[in-house]
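Please open the structure in a viewer and keep the selection tool at hand.

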Amino acid sequence: MTDRDPLLDPVLDPAAMRKQYRADGLAEQDLATHPMDQFTRWFEDAARAALHGTLYEPNAMVVSTADAEGRPSSRTVLMKQFDTDGFVFFTNYDSRKGRDLTQNPHVSLLFPWHPLARQVIVTGTARRTGRDETAAYFRTRPHGSQLGAWASAQSTVIASRTELDTAYAALEARYPEDEQVPVPPHWGGFRVTPETVEFWQGRENRLHDRLRYAARPDGTWKVERLSP
């Protein structure tokens with residue numbers, strides 16, 4: 001092992017890392033009227049890129065929350081549904097993000113589609129999905145993932161990996177593959193209703209296109225261009 005100063009090694013120096021975006025631009029006249037329709041267009045592009053192996057997990061998004069004192073935290077989760085009403089993800093309600101959203105429903109989502117030189121940034125409010133909707137999704141999860149929702153007390157400190165594996169093994173013995181796993185009462189979905197949706201397209205010389213939909217009180221949307 002050799003001692004190297006990362007600031008002197010261009011391979012390791014963050015200041016030396018840069019990529020010139022040469023993607024087509026994003027113009028106001030090309031946008032859909034509703035932000036979720038525009039999201040559908042871009043999500044389809046991301047899904048096709050995933051099929052071709054150039055993008056990994058197009059439904060992965062960074063969820064940023066803040067607690068009652070305003071202390072932020074971020075993590076990557078998988079978006080499992082989107083429609084006119086917004087975006088849905090599922091989690092343990094006792095996790096850090098679950099507790100944050102119970103205290104402070106304001107949330108930000110970020111879809112980082114780097115291979116396409118695109119981002120979608122959402123701000124809005126989160127509310128819990130109904131238990132019927134939660135149960136319907138839970139039944140679609142693989143058996144192991146259903147057990148995992150019970151085995152993990154998400155975001156809590158545990159003594160070792162063995163503790164987690166032991167809890168999972170006990171559940172696996174109690175609920176074999178042919179047994180229905182009940183939906184955990186502490187587990188469910190959040191639906192994020194957007195207030196703003198920004199579509200970010202990388203352009204040359206860092207002069208990116210940033211078009212943001214902002215909700216009006218009457219339910220319509222206005223589009224604003226942001227300086228990069």
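Predicted model: local features only at pLDDT ≥ 70, side-chain atom pairs only at ≥ 80, totals over all residues.

**First stop: the largest pocket**

Begin by selecting Phe 90, Thr 91, Arg 141, Gln 154 and Trp 187, which are the closest to the centre of the largest pocket among the 15 residues that line it. The space in this pocket amounts to about 320 Å³. Next, display strand 2 (72–78), strand 4 (86–92) and helix 4 (143–151), the elements that each give two or more residues to the lining. Colouring the lining of the largest pocket by class will show 6 nonpolar, 6 polar and 3 charged residues.

**Second stop: the second largest pocket**

Now select Asp 24, Gly 25, Trp 42, Arg 118 and Gln 201; of the 13 residues lining the second largest pocket, these lie nearest its centre. About 160 Å³ of space is found here. By class, the lining of the second largest pocket comprises 6 nonpolar, 3 polar and 4 charged residues.

Remain on helix 1 and select Ala 50, which lies in it. Is Ala 50 buried, partly exposed or exposed? Its relative accessible area is 26%, and therefore Ala 50 counts as partly exposed, a class that runs between 20% and 50%. Finally, draw a distance from Ala 50 to Thr 193, C-alpha to C-alpha: the two are 26 Å apart in space and 143 residues apart in sequence.

How values were computed:
Residues numbered from 1 in each chain as written. Heavy atoms only, no water. 1 Å grid on protein atoms, 1.4 Å probe; cavity = no way out; pocket = protein on both sides within 12 Å on 5 of 7 lines; lining within 4 Å. Points joined across faces, edges and corners; volume = space filled by probe spheres on them. Helix = DSSP H or I, 4+ residues; strand = E, 2+ residues; numbered from the N terminus. Nonpolar A, V, L, I, M, F, W, Y, C, P; charged D, E, K, R; others polar. Buried < 20%, exposed > 50% of the residue type's maximum accessible area, 1.4 Å probe, protein only.
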